[in-house]
Amino acid sequence: QVQLVESGGGLVQAGGSLRLSCVASGNIFSRDRMGWYRQAPGKQRELVAYITSRFTTNYADSVKGRFTISRDNAKNTVYLQMNGLKLEDTAVYYCNARRPAVTVEQGEMDYWGGGTLVTVSS
C-alpha cells in the first residue's frame, strides 16, 4: 500500500506563489498516476491536476496556465507549482496516487495523503 505525505502549504497573498510537495512510499511509484485534488469549505473535493506514468499532464480549467504538476520518480515525489494564486484557490490540497489495475476484478486503487492547507489572502 502507498503512503503519501504532503507539504508546502501556507498563507500567501493573492498573486503570490507556493510549491506543494508529496512524497510517496513504495517501489512502484513510477507506475502510478499522481494527482492533486483540493477541497474548499462547503465544497466537494475536486481534481486540480494529474500526471501519468508517461508524464502526460491534465489540469482543471480553473488552474490551467497558473499551476504546473511535475514528478521526480527517483525521489518518489510529485510537485504542484502554484503561481498567480487567487482567493478561490484557498483549500486543503490532497495528494493522490492511482495505481493501475492488474485485473478487472481488482480495479484501480486510490491512495490519499492527509492534506496541506493553502490560504490565499487579499
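## Arg38 in strand E4

In this predicted model, Arg38 lies within strand E4, which covers residues 33-39. Its relative accessibility is 6%, and Arg38 therefore counts as buried, the cut-off for that class being under 20% relative accessible area.

The side chain of Arg38 takes part in a polar contact of 2.8 Å with the side chain of Glu46, and a polar contact of 3.5 Å joins the side chain of Arg38 to that of Ser62.

## Phe55, a loop residue with positive phi

Phe55 is placed in the loop that runs between strand E5 (46-51) and strand E6 (57-59). Its phi is near 70°, which is a positive value in a residue other than glycine. With a relative accessible area of 47%, Phe55 is classed as partly exposed, because that class lies between the limits of 20% and 50%.

## Asn76, a loop residue with positive phi

Asn76 is located in the loop between strand E7 (67-72) and strand E8 (77-82), and its phi, near 50°, is likewise a positive value in a residue other than glycine.

Definitions and conventions. Residues numbered from 1 in each chain as written. Predicted model: local features only at pLDDT ≥ 70, side-chain atom pairs only at ≥ 80, totals over all residues. Heavy atoms only, no water. Helix = DSSP H or I, 4+ residues; strand = E, 2+ residues; numbered from the N terminus. Buried < 20%, exposed > 50% of the residue type's maximum accessible area, 1.4 Å probe, protein only. Polar contact = N/O pair within 3.5 Å; in protein donor to acceptor, adjacent residues only side chain to side chain.
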